[in-house]
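Look at the sequence and the structure first.

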Number of protein chains: 2
Amino acid sequence: MTANIAIIGFGSITRTLLASLAGNGAVRVKNIVVRPERIGAPDHSWQDARFVSSIGELEADVDTVIEAAGHAALRQHAGDVVASGRRLVLASSGALADDAFRKGLEKTARETGAEIHVVSGAIGALDALATAQIAGRQAVHYTGIKPSRAWRGTPAEHCVDLDALEAPTTFFTGSAREVARLYPANANVAATVALAGPGFDATTVSLIADPDAALNRHVVEADGVLGSFRFETTATPLSINPRTSGTTVFSILSFLNSGSNSVRLV
Amino acid sequence: MTANIAIIGFGSITRTLLASLAGNGAVRVKNIVVRPERIGAPDHSWQDARFVSSIGELEADVDTVIEAAGHAALRQHAGDVVASGRRLVLASSGALADDAFRKGLEKTARETGAEIHVVSGAIGALDALATAQIAGRQAVHYTGIKPSRAWRGTPAEHCVDLDALEAPTTFFTGSAREVARLYPANANVAATVALAGPGFDATTVSLIADPDAALNRHVVEADGVLGSFRFETTATPLSINPRTSGTTVFSILSFLNSGSNSVRLV
């Protein structure tokens, strides 16, 4: 079975994904969705994929659309994807903190039968969060620790003097919903944890600037009727492009690959 | 969309699962598969489910078969489930350490289009393991820590004096495959980690008896090209039946529930 897919976005995540898909006979990239003014740009080509600027222009046999383009592109195209009954696989989960937007997508998906999948990206243990959530209430806390410089250009600058920090410093504590509002460029992991767990308001978050850190770290702690768990991860940048999130690319690949595996883990 | 399911086994996992499914309109339990001599037993009934002793007797519209009965039952029935093209959701992953058995199932599944799903059960972060595995080689180590008494009746008795331990003691280090052979009753978590990660031979395992522990703990540590992570969990017994693994029941429910959720986490 071949999956015919389209990808929204042609940035570094998409390009890394395409490079990894080059020899994959089970997945065919039929369309790539970009802004209208980019169609025809010299570097905008990949094998026989046709570049388009709207979901209405996708090939009829595209069954899965992958978003790897950011919150604005997700907001622009997700409704059309789901209305067309196609499977939406999204990376920019922070945009789903907007209840009206998310509930609109869910309502349309119920009508059309479309599926909406959120990739795990830089985080993991969403399986344990989802299982605990089914069992009942759970307390979930996410901590995001990044090098001080990673927080430049965000409201963190108004909380602490990022250049003067001498030890890891918590500059924000609040809900996943507040993270999505105040730190949209850093909101996807907190949002994904919230979606798998108790939601945007009940998921609590700490954000930490660490002057000595070289890499991003993520910690999820959960406590519920089934027990407790702690997940901690440190991401290594990809050598091919240090600014691309390797975990996002490979969690999309893991999703695409699962469809062709006989034995799947749930 | 209603899922019509059958369940193999009528032990405490199945009974807890049935109690949790009682009000679930999206899932209908059509058959329960038990040993022939149990059919007609006074306590063997549940709503309008028909008890049978083989996969050949399932209702034609059963699309999903859940195994919650142990390695022997999985070995007995899994081939017939997959040959019938139905989706198999299994808890007794330790049985898949038998390469001939697992590869036979995979071959049949490719021919019939059947899916085989392994539930996460007592462990989590299988998403992160699967993503890292797609990215390339990873080193994965699983540590199982149980109260000393939990290891009675296993080969651990020949390694240490379980009743005389005064501190947590590692009595086994080896591969997930060796665990499946030597500790079959304790093999499912190690096997599930191996299946999501680098396989039964490359996944290393430590088993620890802890005289002061009241609960089971599980730790997964992984290191690969995308980075590293550590997942640690402590399971609380269910008050309704302390011997039933709540995480297994609820990870099956989480799987069944995901089919009716518009937004899914992958």
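This is a predicted model: local features need pLDDT of at least 70, side-chain atom pairs count only at pLDDT 80 or more; totals for chains, interfaces and linings use all residues.

Residues are numbered from 1 along each chain as its sequence is written, chains are lettered from A and ligands numbered from 1 in the order in which they are written, and side-chain values use heavy atoms, with hydrogens and water left out.

**Chain B against chain A**

Chain B puts 47 residues into the contact, and chain A puts in 47 residues. Contact here means heavy atoms within 4.5 Å. The two chains bury about 3900 Å² between them, and carbon and sulfur atoms give 61% of that area. Buried area is the accessible area (1.4 Å probe) that two parts lose on being put together, summed over both.

Which elements of chain B supply at least two residues each to the side that touches chain A? They are α3 (99-112), β6 (116-118), α4 (126-135), α7 (188-196), β11 (227-235), α8 (246-258) and β12 (263-265). Such helices (H or I, at least four residues) and strands (E, at least two) are DSSP runs, numbered from the N terminus. β11(B) gives the most, with 9 residues.

Strand β11 (residues 227-235) of chain A pairs with β11(B) in the antiparallel sense, over 9 bridges. Strands count as paired if DSSP finds at least two bridges between them. Within this pairing, A:T233 has B:F229 as its bridge partner.

**Domains of chain A**

Chain A is assigned domain 1 (3-122 + 246-258) and domain 2 (126-234). These bounds come from an automatic or database domain assignment. The C-alpha centres of the two domains of chain A lie 26 Å apart.

**Polar and charged links**

A polar contact is a pair of N or O atoms within 3.5 Å; within protein, one must be able to donate a hydrogen and the other to accept it, and residues adjacent in sequence count only if both atoms are side-chain atoms. A salt bridge is a side-chain nitrogen of Lys or Arg within 4 Å of a carboxyl oxygen of Asp or Glu.

| Interface | Polar contacts | Salt bridges |
|---|---|---|
| Chain B and chain A | 12 residue pairs | 0 salt bridges |
| Domain 1 and domain 2 of chain A | 6 residue pairs | 1 salt bridge |

A:R177 and A:D99 meet in a salt bridge (3.2 Å, N to O). Over all chains, the structure holds 28 salt bridges. One of them joins B:D43 and B:R15 (3.2 Å, N to O). B:D43 sits in the loop between β2 (27-33) and β3 (50-52) of chain B, while B:R15 is in helix α1 (residues 12-21), 28 residues apart.
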